[in-house]
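Welcome! Let's learn to read a structure together, one feature at a time.

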Amino acid sequence: MGPHPAVADVRRAVRLALDDLEPGDLVLAACSGGADSLALAAALAFVAPRAGLRGGLLTVDHGLQSGSDRRAAEVARLPLGLDPAEVLTVRVGTAGGPENAARDARYAALSEAAARLGAAAVLLGHTRDDQAETVLLRLARGSGTRSLAGMPARSGVYRRPLLGLGRATTVAACAALGLVPWEDPHNRDDRYTRVRVRRRLLPALEEELGPGVAEALALTALLCRDDADALDEWAGRACARAVVREPGDRGTAAAVGAEREAAGTAERAAGGGPRGAERVALAVPELEGLPAAVRRRVLRRAAIAAGAPPGTLSAGHILQVDRLVTHWRGQRAVEVPGGVGAVRRCGTLIFVAGPSRGGGGVPESSPLP
């Protein structure tokens with residue numbers, strides 16, 4: 001007799017997510033002890049040795065609840081056969097609110113551990129339901145296709161094998177394997193926006209619109225990702241044409257081209273981001289000929305390359321900068337997060353970080369043909 005269908009589904013998803021790795025590679029499961037990550041860790045323990053891989057486990061102690069250290073230690077001692085199995089203790093800050101701060105601390109710890117242990121991949125237990133919640137939250141904020149693309153199946157070292165499966169599947173898999181998930185009290189605390197979406201909004205949508213809402217939202221994310229990837233590729237080529245190289249530049253074109261529209265995803269700290277060149281100049285005539293969706297991506301990349309944190313750089317900021325291209329009336333510089341200002345001078349749109357942008361501190365570029 002084969003495994004329970006839910007167990008088979010989770011194992012299959014993990015196997016497919018790892019099919020490009022080399023024999024001997026180390027794969028780590030990030031496990032909180034909840035049903036999703038517990039089913040994921042158990043599947044990795046089954047799949048890894050059969051695929052010639054090494055499987056390990058990481059669990060993060062956020063220190064936000066009494067006894068969290070004991071709970072994390074219990075997760076690390078789960079008899080799954082995963083080695084190494086480590087507890088990562090973090091200090092959660094306050095930037096961006098409790099949910100964002102905890103996520104930032106968690107990802108920082110996971111990334112450090114993956115680098116230290118030489119892991120080829122870190123598996124995360126997000127499911128189709130998590131993806132649906134993410135899309136709804138971003139819809140409520142007003143988002144473009146990149147944000148509505150939700151969480152990627154792969155991002156750097158991170159992989160999410162379970163995005164095609166519902167939470168009911170992971171719960172059933174744990175039950176079939178005799179594993180008892182831990183229910184984080186925070187997951188029942190309605191003070192958190194995501195908890196309200198999970199416990200109130202999605203069930204209400206299912207009741208009013210019928211079943212399949214989570215699946216439809218997850219499909220929306222997939223379709224948006226395809227569109228966003230294509231637009232990002234177009235924007236990358238446009239960046240290369242629009243960047244104005246200046247004497248003594250520090251590879252500005254490369255810095256702008258390296259910025260991705262996805263820079264503000266959960267894998268980055270909410271208030272942080274790559275600090276690139278402190279001055280980025282773009283040729284306005286090149287920007288004027290681009291479709292709005294592509295042009296605004298170019299502007300976003302340039303702002304991030306100049307030092308704007310991707311997590312706080314909103315669509316509203318980019319729309320204001322865009323008016324310097326599309327509705328030029330000699331207006332003053334536009335301020336964006338990170339102490340970055342955007343100003344138009346002589347046919348050039350200049351992004352400058354720091355005090356040098358103020359007043360007449362932005363040198364004028366030569367007029368463009």
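Q: Which residue in E6 does Leu 123 stand opposite?
A: Leu 123 stands opposite Arg 159 in E6. Strands here are DSSP runs labelled E of at least two residues, and helices are runs labelled H or I of at least four, numbered from the N terminus. This is a predicted model, where local features need pLDDT of at least 70, side-chain atom pairs count only at pLDDT 80 or more, and totals for chains, interfaces and linings use all residues. Residues are numbered from 1 along each chain as its sequence is written, and side-chain values use heavy atoms, leaving out hydrogens and water.

Q: What is the order of the six strands in the open sheet?
A: The order is E3-E2-E1-E4-E6-E5, with mixed pairing. Strand E3 (85-89) and strand E5 (154-155) are the edge strands, each pairing on one side only.

Q: Which peptide bond is cis?
A: Most peptide bonds are trans, and most residues other than glycine have a negative phi. The bond from Asp 83 to Pro 84 is cis, with omega near 10°; Pro 84 is in the loop between H3 and E3.

Q: What is the phi of Cys 346?
A: Its phi is near 50°, a positive value in a residue other than glycine. Cys 346 lies in the loop between strand E9 (340-345) and strand E10 (348-353).

How values were computed:
Two strands pair if DSSP finds at least two bridges between them.
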